[in-house]
Amino acid sequence: MNDSYKIILSEKELPQQWYNVQPDLPRPLPPYLHPATGKPVTPEDMLPIFPMALIQQEMSQERWIDIPDPILDIYKLWRPSPLHRARRLEKFLQTPARIYFKNESVSPAGSHKPNTSVPQAYYNKMEGVTRLATETGAGQWGSALSFACQAFGLACTVYMVKVSYYQKPYRRSMMQVWGSEVFPSPTDRTDAGRNILAKNPDSPGSLGIAISEAVEDAAKHEDTKYALGSVLNHVLLHQTIVGLETKKQLQLAGEKPDVLVGCVGGGSNFAGFVFPFVPDKLKGDNIRFVAVEPTSCPTFTKGAYTYDFGDTAGLTPMMLMYTLGHSFVPPGIHAGGLRYHGDAPLLSLLVHEKVIEARAYPQNPVFEAAITFARTEGIIPAPETSHALRAGIDEALKCKETGEEKCIVIAFSGHGFLDLAAYDSYLEGKLEDFEYPDSMIQEAICAIPKFPG
Ligand SMILES: Cc1ncc(COP(=O)(O)O)c(C=O)c1O
């Protein structure tokens, strides 16, 4: 056993291909359904909003997909990212477990999101697109896409969930530094936004609403396409660079992981982290995958596994996934990036097949874990990431009780340097724990239209 704190790969060891989990699933992924007809979506249906290269990746059954050189060149600005051994956290917890975390906070935008924004901007540029429209919750995705558009010379329009726009002004500044225009959603720029404002002028917005606005913007402008920061297969594919590096780094450390832990908003960082390990589990390796979500947006732990829209207005294809209903508007908790009503269809299938387990935490215990982590390992984690830390710490505390020397690996999806207002609220004792009422979840689930699928 070596005694290092970080396991670092050289640029030469950067993976040259993404891993596509689709051919290795226990059963095939059911198709997306057209919102108007209920029939399976064709590549042509998706062309108004996505470039063909990404549509092909969305539907690909190839296990390995080459990463083009211009993408690798941008990845190398921060990749490969370090895998840390959290020795000081282990000591503080007095656990026999070995805790590692894969640090995606070292990217320019401070999270895992540029792993997919860079390829998305690249493939759009290759197909002659000049502007991308997108939504953002906490501002992490919007800033990541702004950075990527700047790298490839594309214009970028961001619809930012209104509550975050005002809570997190510095993320908006980052997007503007990288050259984007940013609007608090719902806006009066789109039909979707105007409809919401007519019903509720004080709407705090939601990811679902902002997605409707960005999709509509892309569909109505010839030169513009839409970019999504999570949920879809091609997004999860790009994020597998994280798990592929982690696998190599664990091998270098002489480790076989027992538990992989990550937080889930739409599911991209968690999926990218665990998918490269899924074939090992399906072949019989004893490894657990733990997906962590907030109790205020309990998609896996309390949602239904059913076809639903990806957005609030019902413009996107319907996908078979865990969902709280597309009309669900979660309370404005601080982990803005975890407030989405659905979860990625690929991840949902694996949860449904019990390959992946899920659990939910309220925000006070999550912030307690974040403070413990910051005071031992130094880095101040994003509130989203802190959900993973809570679960990772709980796994390590279980090992303390049983004496098991497990290897626990946590996806450290981003830093919280722009979330300090949330830390202030926690330290002042002002954060409220919120459990979304079952009756309201049932109401939103009942409102999902039934299609033949
Ligand atoms: C730091 C961080 N982690 C996690 C997430 C959740 O997204 P996903 O589930 O797609 O990884 C977000 C979303 O904005 C985020 O900013």
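**Figure 1. The shell around the ligand, sorted by residue class.** By class, 7 nonpolar, 13 polar and 1 charged residues make up the shell around the ligand, where Ala, Val, Leu, Ile, Met, Phe, Trp, Tyr, Cys and Pro count as nonpolar, Asp, Glu, Lys and Arg as charged, and the others, Gly among them, as polar. The structure shown is a predicted model, in which local features need pLDDT of at least 70 and side-chain atom pairs count only at pLDDT 80 or more, while totals for chains, interfaces and linings use all residues. Residues are numbered from 1 along each chain as its sequence is written. Of the 21 residues around the ligand, those that come nearest are Q140, S230, G265, G337 and G414; a residue is near a molecule or strand if its C-beta atom, placed from the backbone, lies within 6 Å of it. Two or more residues of this shell come from each of α6, α12 (268-274) and α17 (383-402), and α12 gives the most, with 3 residues. Helices (H or I, at least four residues) and strands (E, at least two) are DSSP runs, numbered from the N terminus. Because domain 1 (17-66 + 113-226) and domain 2 (80-110 + 239-446) both give residues to the shell, the ligand lies between them.

**Figure 2. The contact between the two domains.** The division into domain 1 and domain 2 follows bounds that come from an automatic or database domain assignment. The centres of domain 1 and domain 2, taken over C-alpha atoms, are separated by 22 Å, and 40 residues of domain 1 are in contact with 45 residues of domain 2, a contact being two residues whose C-beta atoms, placed from the backbone, lie within 7 Å. On the side of domain 1 that touches domain 2, at least two residues are supplied by each of β2 (17-19), α5 (114-126), α6 (140-152), α7 (162-167), α8 (169-177) and α10 (207-220). The largest share of that side, 7 residues, comes from α10, and by class the side holds 24 nonpolar, 11 polar and 5 charged residues.

Figure 3. The strands follow the order β8-β7-β6-β9 with parallel pairing, where two strands pair if DSSP finds at least two bridges between them. At the edges are β8 (181-185) and β9 (224-226), each of which pairs on one side only, and neighbouring strands of this sheet are turned by 25° against each other on average, direction ignored. Strand β7 (residues 155-161) pairs with β8 in the parallel sense over 5 bridges, and T157 has E181 in β8 as its bridge partner. Helix α10 lies across β6 (131-136), β7, β8 and β9, and runs at about 170° to β6; axes are lines fitted to C-alpha atoms, for helices over the stretch in contact, and angles run from 0 to 180 degrees between N-to-C directions.

Figure 4. Most residues other than glycine have a negative phi, and most peptide bonds are trans. A cis peptide bond, with omega about -10°, joins R79 and P80, and P80 lies in the loop between α3 (69-75) and β4 (83-85). The peptide bond from S185 to P186 is also cis, with omega near 10°, and P186 is found in the loop between β8 and α9 (191-199). Q94, although not a glycine, has a positive phi of about 55°, and this residue lies in the loop between α4 (87-93) and β5 (98-103).
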